[in-house]
Amino acid sequence: MDTSKMLKAYCLKTKEKDVPMQDAVVSKTAKGGYIAKGHDGKGNKMTAILSEAKALQAIADGVAKKEF
């Protein structure tokens, strides 16, 4: 998979920035925002808050699944 299109997030456990998120699932928050949940490949869970455009682009590119 092309890592340039993957969603990237901050990993709280390892304190690394721009870590590619694997098995990302995009869902909507209660207030209508978008959030992606996944892991970094080492077993550490990750989340990222996304704009609508970025969330829909990730779904269209096939790097994230749609949950809403």
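Good morning. A residue is called buried when its relative accessible area is under 20%. The structure before you is a predicted model, and in it Tyr34 has a relative accessibility of 7%, so Tyr34 counts as buried.

Let me stay with Tyr34 for a moment. How many aromatic pairs are there? The count is 1. In that pair, the ring centres of Tyr34 and Phe68 lie 5.5 Å apart and the planes meet at 65 degrees; because planes over 60 degrees apart count as edge-to-face, the pair is assigned to that class. Phe68, at 38% relative accessibility, counts as partly exposed.

In what order do its strands lie?

Let us take the pairings in turn. Strands β4 and β5 run antiparallel and are joined by 6 bridges, with Lys37 opposite Thr47 in β5. Their hairpin has 5 residues between the strands, and Gly41 there adopts a positive phi near 95 degrees. Strands β3 and β4 are likewise antiparallel, over 5 bridges, and Ser27 has Ile35 in β4 as its bridge partner. This hairpin also has 5 residues between its strands, and Gly32 in the turn shows a positive phi of about 100 degrees. The parallel pairing is that of β3, residues 22-28, with β6, over 3 bridges; here Val26 stands opposite Lys66 in β6.

In soluble globular proteins, nonpolar side chains tend to be buried together. In this model the largest nonpolar core has 17 residues, and those touching the most other members are Leu7, Met21, Val26, Ala36, Leu50 and Ala64. Two or more residues each come from β1 (8-11), β3, β4, β5 and α1 (52-61). Which element gives the most to this core? It is β5, with 3 residues.

Setting aside neighbours within four places in sequence, Leu7 is in contact with Val19, Pro20, Met21, Ala24, Ala36, Leu50, Lys54, Ala58 and Ala64. Thank you for your attention.

Key: Residues are numbered from 1 along each chain as its sequence is written. This is a predicted model: local features need pLDDT of at least 70, side-chain atom pairs count only at pLDDT 80 or more; totals for chains, interfaces and linings use all residues. Side-chain values use heavy atoms; hydrogens and water are left out. Rings of Phe, Tyr and Trp (its six-membered ring) pair if their centres lie within 6.5 Å; planes under 30 degrees apart count as stacked, over 60 as edge-to-face and the rest as tilted. Buried means under 20% relative accessible area, exposed over 50%, partly exposed in between (1.4 Å probe, protein chains only). Two strands pair if DSSP finds at least two bridges between them. Helices (H or I, at least four residues) and strands (E, at least two) are DSSP runs, numbered from the N terminus. A nonpolar core is a set of buried Ala, Val, Leu, Ile, Met, Phe, Trp, Tyr and Cys residues joined through side-chain atoms within 4.5 Å. Contact means heavy atoms within 4.5 Å.
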